[in-house]
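Here is a short report on one protein model.

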Amino acid sequence: GLYHELLREIFGDADLDVEVAYMPLNRAVSMVGSGEMDFTGGFTKDDRTFATHAIYETTYSVLYAADSDLDWSDPASLEGLRIVGPPTIAAEVDFQMTELESRSQAARMLLAGRADAYIDLHELIEDFVETGNVADVDQVTGDSSAMDVNPSDWQITQVDTSRLYILFADN
């Protein structure tokens, strides 16, 4: 995974004894806080001691009809919109939205006019508009076929960015 690759790159040539331990998040944070571990990773910054640079950054974008007058910089203008997305996205973005069972379900709702916007990872939104493919199989229908998407009918707007940082012990 990501952390194994990072540790290999960081410590690969160093003459250090690096111990990797997998455990529940709360235990890892507690052990870093008490100095029992040196670091753990994958957090948004708060008042604890974090790395200067993010280990992971991702951008969220929204897909909506090109002929709409939506202003994504003004949350008040978005009230009452039906914004849909896949599971876990709502916790990452600052929009009122409905989490659906899959990306394909969200995309199909948008294409059918049953949603005003579809929010997801930027790269996945771009790929969907270009190819009609989503990054999963529809959990409801089992369908994984490409959807008919005309790129000129749709607008993509970046709406949020998430960065994760390594948390270090204070010692």
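Which residue in S4 does Gly-85 stand opposite? Gly-85 faces Glu-99 of that strand. The model is predicted.

## The sheet

Strand S3 covers residues 83–85. Two bridges join S3 to S4, and the two strands run parallel. The Gly-85 and Glu-99 positions are opposite each other here.

Six strands make up an open sheet. Their order is S1-S6-S2-S5-S3-S4, with mixed pairing. S1 and S4 (98–99) are the edge strands, each pairing on one side only. Strands of a sheet pair through backbone hydrogen bonds, either parallel or antiparallel.

## Helix H4

H4 spans residues 122–131. Its buried residues include His-122, Ile-125, Phe-128 and Val-129. Why do they sit on the same side of H4? Because they cover an arc of only 130° around the axis.

After H4 comes Gly-132, with a positive phi near 80°.

## The cavity

Rolling a probe the size of a water molecule over the atoms shows where empty space is left. How many cavities of 30 Å³ or more does a search of the whole structure find? The search finds one. The largest cavity holds about 40 Å³ of space.

Its lining consists of Tyr-118, Leu-124, Asp-127, Phe-128, Asn-133, Val-134 and Ala-135. H4 supplies the largest share of this lining, three residues. By class, the cavity lining has five nonpolar residues, one polar and one charged.

## The largest pocket

The largest pocket contains about 770 Å³ of space. It is lined by 27 residues. Closest to the pocket centre are Leu-7, Ala-21, Met-37, Phe-39 and Thr-40. By class, the pocket lining divides into 20 nonpolar, three polar and four charged residues.

Which element gives the most to the pocket lining? Helix H1 does, with six residues. At least two lining residues come from each of H1 (2–11), helix H2 (25–33), strand S1 (39–43) and strand S6 (154–168). S1 is also an edge strand of the sheet.

Conventions:
Residues numbered from 1 in each chain as written. Predicted model: local features only at pLDDT ≥ 70, side-chain atom pairs only at ≥ 80, totals over all residues. Heavy atoms only, no water. 1 Å grid on protein atoms, 1.4 Å probe; cavity = no way out; pocket = protein on both sides within 12 Å on 5 of 7 lines; lining within 4 Å. Points joined across faces, edges and corners; volume = space filled by probe spheres on them. Helix = DSSP H or I, 4+ residues; strand = E, 2+ residues; numbered from the N terminus. Nonpolar A, V, L, I, M, F, W, Y, C, P; charged D, E, K, R; others polar. Buried < 20%, exposed > 50% of the residue type's maximum accessible area, 1.4 Å probe, protein only. Arc of directions from axis to C-beta. Pairing = 2+ DSSP bridges.
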